[in-house]
Amino acid sequence: MFPSVVNVLQMIVDDNPNDSSGEAYKLWREIQSFEFVFHLFVMKAILGITNTLSLALQKKDQDIVSAMNLVKTCKENLQLMRDNEFEELVEQASSFCYKHDIIVPTMDEEYVIPGRSRRNAPMKTNYHRYRVEIFIHVIDGQLAELNDRFNEVSTKLLTCLACLSPKNNFVAFDKRKLVRLTQFYPYDFSDRDLLMFEDQLGVYVHHMRSSSDFSQLEGISSLAEKMVEKGMHEIFPFVYLLLTLALVLPVATASVERAFSAMNIIKNPLHNRMGDQWLKDSLIVYIERNVFACIDNEIIMQRFQNMKTRRGQL
């Protein structure tokens with residue numbers, strides 16, 4: 001793959017005596033440098049660690065406990081990589097460079113910026129450049145992003161939230177963590193409410209586990225619906241209140257981010273006068289396009305045609 005890219009760029013340089021050949025030559029020169037190759041190996045290693053977490057967070061039905069464990073594992077693996085794997089990555093990148101006739105710098109020698117004068121350049125070794133300014137800097141950026149998105153408070157909140165899950169006959173139920181979860185909502189639960197809620201939890205979980213109506217539920221949304229359907233929201237009002245608070249918790253999932261991205265695509269400058277209902281309908285079609293892809297276009301056109309009398313036929 002790498003030789004093919006180099007050959008294509010070389011052909012562009014040789015056959016096009018214009019501005020594009022200059023850009024191609026610059027790129028051809030850059031990708032045949034140790035620094036470019038080292039960047040690739042660093043990113044490959046980081047993406048290998050974070051890929052499983054990324055795929056888990058993109059699922060619509062997330063197992064919050066598993067996701068939080070993956071976040072912890074990802075942080076630990078990145079830290080281990082930061083502490084122990086620099087030399088191994090240098091060796092891998094060097095081996096690749098030797099194979100493709102790319103010059104490998106000596107780590108103890110002075111780092112030279114390509115195309116720059118040494119006169120005013122800061123003195124630093126290749127080791128400092130590749131370990132501190134690239135390797136450690138990139139990993140620290142990844143760790144900072146994970147710590148920002150999943151800080152101690154949000155991690156505790158999400159872990160406690162997972163205890164509401166009815167999956168596998170309420171196997172994740174933890175009375176202590178659910179009581180802690182209510183402490184995140186001091187304006188919704190008074191001290192008296194907390195005492196009543198704690199007493200209510202034991203009866204609640206016993207009733208749920210012994211009822212066939214609640215044995216096959218998967219998520220907290222289906223649990224809330226079933227509680228209303230069976231009138232359990234009136235018998236266990238504090239549990240139901242906690243469920244509703246959990247359902248409106250603005251967790252930054254991939255689905256939420258995709259919805260906002262879709263809004264920017266659909267309500268663009270050409271559609272800036274779009275009403276709320278039209279925007280809502282368009283977003284549903286865009287976000288759930290996998291569902292609508294199963295519906296025949298002819299059925300959609302007939303439905304649209306029959307909504308009201310129209311001059312032309314679709």
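Tutor: Let us start with Val205, which lies in helix α10, where helices (H or I, at least four residues) and strands (E, at least two) are DSSP runs numbered from the N terminus. Please bear in mind that this is a predicted model, in which local features need pLDDT of at least 70 and side-chain atom pairs count only at pLDDT 80 or more, while totals for chains, interfaces and linings use all residues. Residues are numbered from 1 along each chain as its sequence is written, and side-chain values use heavy atoms, with hydrogens and water left out.

Student: Is Val205 buried or exposed?

Tutor: The terms rest on relative accessible area, with buried meaning under 20%, exposed over 50% and partly exposed in between (1.4 Å probe, protein chains only). Val205 has a relative accessible area of 8%, and therefore the word for Val205 is buried.

Student: How far apart are the C-alpha atoms of Val205 and Leu164?

Tutor: Along the chain, Val205 and Leu164 are 41 residues apart.

Student: How are helix α9 and helix α10 oriented to each other?

Tutor: Two packed helices are described by the angle between their axes and the distance between the axes. Here axes are lines fitted to C-alpha atoms, for helices over the stretch in contact, and angles run from 0 to 180 degrees between N-to-C directions. The axes of α9 (residues 175–182) and α10 (residues 191–210) come within 10 Å and cross at roughly 155°. Since angles under 35 degrees count as roughly parallel, over 145 as roughly antiparallel, 65 to 115 as roughly perpendicular and the rest as oblique, α9 and α10 are therefore roughly antiparallel.

Student: Is the crossing of α7 and α9 left-handed or right-handed?

Tutor: Helix α7 (residues 152–161) packs with α9 at an angle of about 125°, their axes being 8 Å apart, and the two are therefore oblique to each other. A crossing is left-handed if the near helix is turned anticlockwise from the far one by less than a right angle, and right-handed if clockwise. While α9 passes α10 in a right-handed crossing, the crossing of α7 and α9 is left-handed.

Student: Which residue forms a salt bridge with Glu35?

Tutor: A salt bridge is a side-chain nitrogen of Lys or Arg within 4 Å of a carboxyl oxygen of Asp or Glu, and a search of the whole structure finds 6 of them. In the one that involves Glu35, the closest N and O atoms are 2.5 Å apart, and the partner is Arg129.

Student: Why does that pair tie together parts that are apart in sequence, and by how many residues?

Tutor: Arg129 lies in helix α6 (residues 126–149) and Glu35 in helix α3 (residues 34–57). Both residues are buried. Because the two partners sit in these two helices, the pair ties together parts whose separation in sequence is 94 residues.

Student: Which residues are linked with Arg129 in a network of salt bridges?

Tutor: Arg129 also meets Glu133 in a salt bridge (2.9 Å, N to O), and these two lie in α6, 4 residues apart, about one turn of the helix. Arg129 is buried at a relative accessible area of 17%, whereas Glu133, at 27%, counts as partly exposed. The residues linked with Arg129 in the network are Glu35, Lys124 and Glu133.

Student: Where do Lys226 and Glu229 lie?

Tutor: The side chains of Lys226 and Glu229 meet in a salt bridge (3.7 Å, N to O), and Glu229, at 54% relative accessibility, counts as exposed. Being 3 residues apart, they are separated by about one helical turn in helix α11 (residues 220–229).

Student: What is the phi of Phe170?

Tutor: Most residues other than glycine have a negative phi. Phe170 lies in helix α8 and counts as buried at 1% relative accessibility. Although Phe170 is not a glycine, its phi is positive, at about 60°.
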